[in-house]
Amino acid sequence: MSEVLIRAENVGKKFCRDLKKSLWYGVKDSAAELFCREQASKLRDQEFWANQGISFSVSRGECLALIGHNGAGKTTLLKVISGLIKPDEGRVSIRGQVNSLIALGAGFNPILTARENIYVNGAILGLSSKKVNLRIEEIVEFSGLNDFIDSPVRTLSSGMNVRLGFATAVLLIKPDVLLVDEVLSVGDASFRVKSMNAIHNLLETAAVVFVSHNEQLVRRACTTALFLEQGKLLHRGSVGEVYEAYHEVYERNLNAPSSMHTIQSIRLTKVSIDEKIEAGDSLTVQLEFDSEKSISDVYIRIAIHSADHIMIAEYNSTHYNEYFAITKGLNRISQVIESTKLSPGVYCVSVLMHPASDPRFLIWLDKSHKLRVTGQINSNAPIML
Ligand SMILES: Nc1ncnc2c1ncn2[C@@H]1O[C@H](COP(=O)(O)OP(=O)(O)OP(=O)(O)O)[C@@H](O)[C@H]1O
């Protein structure tokens, strides 16, 4: 059995929606703490639980993902683990050195240069400048900042900030526990690959907690996952199992064919869109409709949205010079996207049909159909540059 490095027991954290009340509660809580009085665990006016009753452990060699919809409480939990905020209930115990990458630019002084900030961070971690000297080359090389290493941090781009933060968090001192929030999504693709490889190597000696909405990244990097919903822990297990649970909730919440619109002269009689495909397979969309008039040069757009309603792929028949002609009476249109290149998961599909000469739609199926992509991506192999 590997050594447990993070143990969270019944963790609860509440926030207040009203700033004035929040300040007042803060004063009352500090006073209660000063007089060693027990704090009330029940919610006061405008308060809510951002995390409640969360227990789990993470061992050396384990990369745990926190999965959940926006506002589910992932960042709050990460902040509680890192010690940035104190839980209102329960406790978190950590073994070893913790480094975290939670907010962009956090831990850096904006007026100092990137190099100076590395030395300051080293000093905070108890490293002498001689020891930092031994690692600075590697950090500069990993971050790719090169010419910008002597520029003030406030002048760096957000991507450069993330590079510097990641390189410092991982290379300055090998942490036993690394906490990474969504910040990696700011970096470019090659840096993400580099970071994923660095996390993979770090896992030989450390435990990592990783928050990301990027399912592909999570499946590659993480071994286990927690699914949070409205602050509560809904499911824990392997990444694959937890994503199953996550997608099930998403599927339940997705309103099935409810938003299909057409112009008056068109009447949809049948819509058939693949509901389940294997990763890499083609996707077929078929529409059957009656039209009161003929319309030439019609094109079709098919958009794929992720669980968080972010459009991640779009097919547009004009890019392939494919136009249709609608005739008066019954029409059948079939469109195949040859290789969808979608990762396993649940998506929703929108279809739009336009005449080339008019921006107004003829048929609009607004995220009306669910699409489940099955199959595997190899989540164990390190990513090669
Ligand atoms: N300092 C704060 N004061 C009041 N409410 C807060 C505070 N920080 C977070 N919240 C609220 O707590 C809830 C959980 O927020 P959190 O940032 O942990 O969610 P998340 O799962 O990380 O979301 P996302 O995926 O959008 O980043 C949200 O409703 C958020 O508005």
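These are my notebook entries on what I looked up in this predicted model.

**Entry 1: the whole chain**

I started with the overall picture. The protein chain has 385 residues, and 34% of them count as buried. I went through its secondary structure and got 8 helices and 19 strands. For the extent, I took the C-alpha trace along its principal axes, and it spans about 80 × 55 × 45 Å. Then I looked at contacts between residues at least 6 apart in sequence: 75% of these join residues at least 24 apart.

**Entry 2: around the ligand**

Which residues surround the ligand? I wrote down Phe-15, Ala-50, Gly-68, Asn-70, Gly-71, Ala-72, Gly-73, Lys-74, Thr-75 and Thr-76. Sorting this shell by type gave me 3 nonpolar residues, 6 polar and 1 charged. I also checked where the shell residues come from. Helix α2, residues 74-82, supplies the largest share, with 3 residues.

A general point to keep in mind: in soluble globular proteins, nonpolar side chains tend to be buried together. In this model the largest nonpolar core holds 64 residues, and Val-208 and Phe-210 touch the most other members. Helix α5 (residues 158-172) gives the most to this core, namely 8 residues.

I followed up on Val-208. Which residues is Val-208 in contact with, leaving aside its neighbours within four places in sequence? My list reads Cys-63, Leu-178, Val-180, Ile-199, Leu-202 and Leu-203. Another core, of 23 residues, lies apart from the largest one, and its members include Ile-300, Ile-326, Leu-342 and Leu-362.

**Entry 3: strand β14 and its partners**

I had to remind myself how strands pair in general: strands of a sheet pair through backbone hydrogen bonds, either parallel or antiparallel. Then I picked strand β14, which covers residues 295-305, and went through its partners one by one.

- With strand β18 (residues 345-355), β14 pairs in the antiparallel sense over 8 bridges. Here His-305 stands opposite Cys-348.
- With strand β15 (residues 311-316), the pairing is antiparallel over 5 bridges. Ile-302 has Tyr-315 in β15 as its bridge partner.
- With strand β16 (residues 324-326), I found an antiparallel pairing over 2 bridges. Val-298 faces Phe-324 in that strand.

I looked at one of the pairings in detail: β11 and β13 (residues 283-291) are joined in the antiparallel sense over 7 bridges. Arg-267 has Asp-290 in β13 as its bridge partner.

I then checked backbone angles. Most residues other than glycine have a negative phi. I located Gln-230 in the loop between β8 (224-229) and β9 (232-238). Why is Gln-230 partly exposed? Because 14 other C-beta atoms lie within 10 Å, and partly exposed is the class between 12 or fewer (exposed) and 20 or more (buried).

Asp-297 is not a glycine either, yet its phi is positive at about 50 degrees. Asp-297 counts as partly exposed because it has 14 C-beta neighbours inside 10 Å.

**Entry 4: two exposed residues**

Is Asn-321 buried or exposed? I noted it as exposed, because 7 other C-beta atoms lie within 10 Å. Asn-321 is in the loop between β15 and β16. I also checked its separation from Tyr-299, 22 residues away along the chain: the two C-alpha atoms are 8.9 Å apart.

My last stop was Ala-31, in helix α1 (residues 19-34). With 10 C-beta neighbours inside 10 Å, Ala-31 counts as exposed. From Ala-31 to Ala-103 I got 72 residues in sequence and 30 Å in space, C-alpha to C-alpha.

How values were computed. Residues numbered from 1 in each chain as written. Predicted model: local features only at pLDDT ≥ 70, side-chain atom pairs only at ≥ 80, totals over all residues. Near = placed C-beta within 6 Å. Helix = DSSP H or I, 4+ residues; strand = E, 2+ residues; numbered from the N terminus. Nonpolar A, V, L, I, M, F, W, Y, C, P; charged D, E, K, R; others polar. Core = buried A, V, L, I, M, F, W, Y, C linked by C-beta atoms within 7 Å. Contact = placed C-beta atoms within 7 Å. Pairing = 2+ DSSP bridges.
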